[in-house]
Amino acid sequence: MISPQKCLFDYYYKMIQDKGLPVYDYLPLQDEPVTYPFVVISQTQTVVDNTKYSRNDRVFLTIDVWGSKKQRKAVGEIADGLLNSATGNVQTDVYKFHGLPKQQSLDMSIDTSVPNTVFQRGNLQLELSVI
């Protein structure tokens, strides 16, 4: 049986692909050709909170949206769409999840971690509970 964490990862990966955006499960190397903006689903975590009768896991996803220095608007729109998709009910093939607005966060920043390069970055921290 597929875990809630894997199920939610697959759901977001496919959703982002279906929007025509490049999506990775790793940060592409500096010499790897990429098209901007792109999305990275970099981290997942499950906090198990099962009872005798139900599975009440909480799943955390870290998603980064990367764009060139002039793509602040595009990065923001993509990140906002992902943030909004994590609020309310999310139905996957196996599990149903629920996310509350106060459980989600979005940080927009200018990233200069690569020498002589400036990126726009949207960092999302999403939390959804299995219902």
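What covers the buried residues of α2? I began with that and first noted the ground rules.

I am reading a predicted model, in which local features need pLDDT of at least 70, side-chain atom pairs count only at pLDDT 80 or more, and totals for chains, interfaces and linings use all residues. Residues are numbered from 1 along each chain as its sequence is written, and side-chain values use heavy atoms, with hydrogens and water left out.

Entry, helix α2. I found α2 at residues 72-85, with 14 residues. Its span from first to last C-alpha is 20 Å, close to the expected 20 Å (1.5 Å times one less than the number of residues). I listed Val-75, Gly-76, Ile-78, Ala-79, Leu-82, Leu-83 and Ser-85 as buried (under 20% relative accessible area, 1.4 Å probe, protein chains only). Their cover includes α1 (4-18), β2 (38-47), β3 (58-68), β4 (88-91), β6 (105-111) and β7 (119-130).

Entry, whole protein. I counted 2 helices and 7 strands (DSSP runs: H or I of at least four residues, E of at least two, numbered from the N terminus). Along the sequence they run α-β-β-β-α-β-β-β-β. The radius of gyration is 16 Å, close to the 14 Å of the globule rule for 131 residues, so the protein is as compact as a globular protein of that length (C-alpha atoms; 2.2 Å times the number of residues to the power 0.38). I noted a C-alpha box of roughly 55 × 30 × 25 Å along the principal axes.

Entry, burial and contacts. Of the 131 residues, 40% are buried. Among contacts (heavy atoms within 4.5 Å) between residues at least 6 apart in sequence, 58% join residues at least 24 apart.

Methods. Buried < 20%, exposed > 50% of the residue type's maximum accessible area, 1.4 Å probe, protein only.
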